[in-house]
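Reader: I've just opened this one and would like a walk through it. Please keep it plain.

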Amino acid sequence: MGQTPEEFLNGVRDAKLVAIVRGTDSDAAVQTALSLMAEGFRYVEVALTTPNAADVIAAIRETAPDEAQVGAGTVLSIRDVADVVAAGAQFIVTPALAESIGAAVRCGLPVLAGAFTPTEVLEGMNRGATLVKLFPASVGGPRYLKALRDPFPDVPLIAVGGVGANDAKDYWDAGAVAVGPGSPLVGDAASGTGNLDKLRERARDYLRQAADYSPAEG
């Protein structure tokens with residue numbers, strides 16, 4: 001069952017993590033997502049650049065835990081939204097201010113809208129995004145995210161792009177409601193030749209950081 005945008009935002013705030021699976025092998029992408037969920041990830045996005053991404057999303061939904069939410073990433077067009085909704089996606093993620101944002105909002109889906117500049121952050125929220133995805137976050141780092149928070153204190157920002165497990169705390173301290181690890185978390189697991197045991201180790205590292213996190217004082 002999908003979450004309302006409000007439920008989704010509260011859930012992401014609590015989890016502090018949204019995993020990004022961008023694979024080169026369909027079966028491996030399914031196993032990667034399910035392994036992340038088995039370790040405790042509650043929000044997992046499958047990028048549409050993954051081969052047969054809609055089928056991958058549908059396959060994950062069939063066996064995902066009830067509390068897990070399966071999303072579609074790199075959703076750019078209105079047609080993309082229709083395809084991922086049919087596959088069972090429960091939220092969408094965009095890399096930019098694409099036409100898919102409005103289409104997903106009209107469907108009642110939570111949206112993580114990709115943005116980088118202050119103008120884009122504001123436009124993402126004006127289009128109805130549930131959260132704004134600061135991407136690529138590694139270009140400006142936590143200091144840039146904190147600077148964006150000053151004029152937009154009420155905009156929920158998620159840092160995506162090159163966020164390693166050891167970087168997560170700095171982004172949370174800077175005001176990010178969550179981080180979205182992709183390749184630093186998934187590695188080669190979704191390639192068909194990757195090591196799922198190593199993936200699970202990395203997943204536990206991120207989850208441990210989230211569980212142990214306490215906001216900085218002052």
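**Salt bridges, sheet and rings**

Reader: Is Arg 127 buried, exposed or partly exposed?
Author: Arg 127 is partly exposed, at 31% relative accessibility. (Buried is under 20% relative accessible area, exposed is over 50%, and partly exposed is in between, with a 1.4 Å probe and protein chains only.) This is a predicted model, where local features need pLDDT of at least 70 and side-chain atom pairs need 80 or more, while totals for chains, interfaces and linings use all residues. Residues count from 1 along each chain as its sequence is written, and side-chain values use heavy atoms, without hydrogens or water.

Reader: Which residue does Arg 127 form a salt bridge with?
Author: Glu 123, with the closest N and O atoms 3.0 Å apart. (A salt bridge is a side-chain nitrogen of Lys or Arg within 4 Å of a carboxyl oxygen of Asp or Glu.) Glu 123 is partly exposed too, at 30%.

Reader: How many salt bridges does the structure hold?
Author: Seven. One of them joins Arg 42 and Asp 14, at 2.9 Å from N to O. Arg 42 sits in the loop between α2 and β2 while Asp 14 is in helix α1, so the pair ties together parts 28 residues apart in sequence. (Helices, H or I with at least four residues, and strands, E with at least two, are DSSP runs numbered from the N terminus.) Asp 14 is exposed at 52%, whereas Arg 42 is partly exposed at 26%.

Reader: And where do Lys 169 and Asp 173 lie?
Author: Both are in helix α8 (residues 168–174), four residues apart, which is about one turn of the helix. Elsewhere, Glu 39, Arg 200 and Arg 204 are linked in a salt-bridge network.

Reader: New topic: what order do the strands of the sheet have?
Author: The open sheet has eight strands in the order β1-β2-β3-β4-β5-β6-β7-β8, with parallel pairing. (Two strands pair if DSSP finds at least two bridges between them.) β1 (19–21) and β8 (178–180) are at the edges with a single partner strand each, so one side of each has no neighbour in the sheet.

Reader: How many bridges do β7 and β8 pair over?
Author: Three, in the parallel sense. Ile 158 stands opposite Ala 178 of β8.

Reader: OK, rings now. How many aromatic pairs does the structure hold?
Author: Five. (Rings of Phe, Tyr and Trp, the last by its six-membered ring, pair with centres within 6.5 Å; planes under 30 degrees apart are stacked, over 60 edge-to-face, and the rest tilted.) In one of them, the ring centres of Phe 8 and Phe 91 are 4.9 Å apart and the planes are at 45 degrees, so that pair is tilted. Phe 8 is in helix α1 (residues 5–15) and Phe 91 in strand β4 (residues 91–93), 83 residues apart. Both Phe 8 and Phe 91 are buried.

Reader: What about Tyr 43 and Phe 91: how far apart are the centres?
Author: The centres are 6.4 Å apart and the planes at 65 degrees, so this pair is edge-to-face. Tyr 43 belongs to strand β2 (residues 43–47), 48 residues from Phe 91. Together, Phe 8, Tyr 43 and Phe 91 make one aromatic cluster.

Reader: And Gln 90, is that buried or exposed?
Author: Gln 90 is buried, at 3% relative accessible area. Gln 90 is in the loop between α4 (78–87) and β4.
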